[in-house]
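Subject: Structure for you to look at

Hello,

Here is the structure I said I would pass on. Please open it first, then read the notes below with it on screen.

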Amino acid sequence: MTQCCINPSILSADFVNLEGELHRISNADAVHVDVMDNHFVPNLTLGLPVVQRIQAVSPVPLDAHLMIAEADRWAPGFADAGLASVTFHAEASIAPIKLARELRSRGSKAGMALRPATPVEPYLDMLSELDMLLIMTVEPGFGGQAFLDVTLPKIRRARAAIDGSGIGVAIQVDGGITEETITRAAEAGANIFVAGSAVYGADDPAAAIDRLRNEGTRSLRQASAE
Ligand SMILES: O=C(CO)[C@H](O)[C@H](O)COP(=O)(O)O
Ligand SMILES: [Fe+2]
């Protein structure tokens with residue numbers, strides 16, 4: 001059975017107290033850092049200098065989600081900062097294979113993200129170049145949106161292709177993940193779950209992470225037994 005990982009998104013955290021907010025999620029597998037440039041998505045968050053400070057104080061590894069235009073130009077700098085994982089959007093890259101190789105050669109895991117309406121089929125032959133495929137389960141840009149069930153067939157097709165080829169690519173889902181929707185995403189084949197509002201909106205974020213992990217692990221176990 002593939003391992004269930006819970007990566008809280010700091011998009012829903014208190015941005016003036018990021019260090020304290022990071023320590024509230026020290027039982028997470030990684031912290032998901034949403035970088036938005038107000039071009040690729042209609043929102044602006046934080047850039048490399050702030051990500052570097054987060055990296056310096058975080059008790060868990062960083063999982064950067066770059067929602068930025070010209071990914072080929074900007075993403076390698078995030079890998080140079082020593083981040084565990086850097087994910088760029090396929091829609092923002094001219095040469096995704098080259099970019100994935102560059103991220104790996106700089107020591108980061110390479111992730112590639114797909115917007116909800118971007119099909120996975122054109123990318124199936126390059127999955128071996130990736131450590132992680134991120135299937136967006138909301139339109140990127142904002143936290144707190146509802147999970148799009150229309151993305152579930154794509155998660156299933158990606159999982160079937162990965163299992164069929166024997167390559168060890170993780171499937172991450174991001175957007176609208178709750179204790180209820182995590183079950184459907186896990187049964188479809190995802191194994192890394194990003195949750196912003198479900199974690200930071202809870203009174204006890206660490207307890208929310210434990211509940212999500214229990215629910216995700218139970219669903220993954222059930223799916224592998226079927
Ligand atoms: O990439 C993102 C938005 O573009 C965020 O990671 C995502 O929305 C997480 O927030 P929530 O769990 O509240 O949906
Ligand atoms: Fe994200």
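This is a predicted model: local features need pLDDT of at least 70, side-chain atom pairs count only at pLDDT 80 or more; totals for chains, interfaces and linings use all residues.

Gly175 sits in the loop between strand E7 (170–174) and helix H6 (181–188). Is Gly175 buried or exposed? It is buried, because 27 other C-beta atoms lie within 10 Å, and 20 or more is the cut-off for that word.

Overall fold

The protein has 8 helices and 8 strands. Its radius of gyration is 16 Å, close to the 17 Å that the globule rule gives for 226 residues, so the protein is as compact as a globular protein of that length. The C-alpha trace spans about 45 × 40 × 30 Å along its principal axes. Of the 226 residues, 46% are buried. If you take the contacts between residues at least 6 apart in sequence, 63% of them join residues at least 24 apart.

In soluble globular proteins, nonpolar side chains tend to be buried together. Here the largest nonpolar core has 68 residues, and Leu66, Val86 and Phe193 have the most contacts inside it. Strand E6 (residues 132–136) gives the most to this core, with 5 residues. Beyond its sequence neighbours up to four places away, Val86 touches several residues, including Ala64, Leu66, Phe78 and Leu103.

The ligand

How many residues surround ligand 1? There are 23, and the closest are Ser9, Pro140, Gly143, Gly196 and Ser197. By class, this shell has 9 nonpolar, 12 polar and 2 charged residues. Strand E2 (31–36), strand E3 (62–67), strand E8 (192–195) and helix H7 (197–200) each supply at least two residues of the shell.

Gly143 is found in the loop between E6 and helix H5 (152–165). With 21 other C-beta atoms within 10 Å, Gly143 is buried. Apart from neighbours within four places in sequence, Gly143 is in contact with Ser9, Leu11, Ser12, Gly196 and Ser197.

What the record lists

The unreviewed UniProt entry lists His32, Asp34, His65 and Asp174 under "binding site". These residues span 143 residues in sequence, yet no two of their C-alpha atoms are more than 10.5 Å apart, so they gather at one spot. Also under "binding site", the unreviewed entry lists a set of residues that includes Ser9, His65, Gly143, Asp174, Gly175, Gly196 and Ser197.

Two of the histidines can be followed in the model:

- His32 lies in strand E2 and is buried, with 28 other C-beta atoms within 10 Å. Outside its sequence neighbours up to four places away, His32 touches Asn7, Pro8, Ser9, Asp63, His65 and Val194.
- His65 lies in strand E3 and counts as buried, with 27 C-beta neighbours inside 10 Å.

An exposed residue

For contrast, look at Arg221 in helix H8 (residues 205–225). Arg221 is exposed because 12 other C-beta atoms lie within 10 Å, and 12 or fewer is the cut-off for that word. Arg221 and Glu180 are 41 residues apart in sequence and 16 Å apart in space, C-alpha to C-alpha.

Regards

Technical notes:
Residues are numbered from 1 along each chain as its sequence is written. Chains are lettered from A and ligands numbered from 1 in the order in which they are written. Helices (H or I, at least four residues) and strands (E, at least two) are DSSP runs, numbered from the N terminus. A residue is near a molecule or strand if its C-beta atom, placed from the backbone, lies within 6 Å of it. Ala, Val, Leu, Ile, Met, Phe, Trp, Tyr, Cys and Pro count as nonpolar, Asp, Glu, Lys and Arg as charged, and the others, Gly among them, as polar. UniProt positions are given in the numbering used here, feature names are shortened, and annotations may be inferred rather than shown by experiment. Two residues are in contact if their C-beta atoms, placed from the backbone, lie within 7 Å. A nonpolar core is a set of buried Ala, Val, Leu, Ile, Met, Phe, Trp, Tyr and Cys residues joined through C-beta atoms within 7 Å. The radius of gyration is taken over C-alpha atoms; the globule rule is 2.2 Å times the number of residues to the power 0.38.
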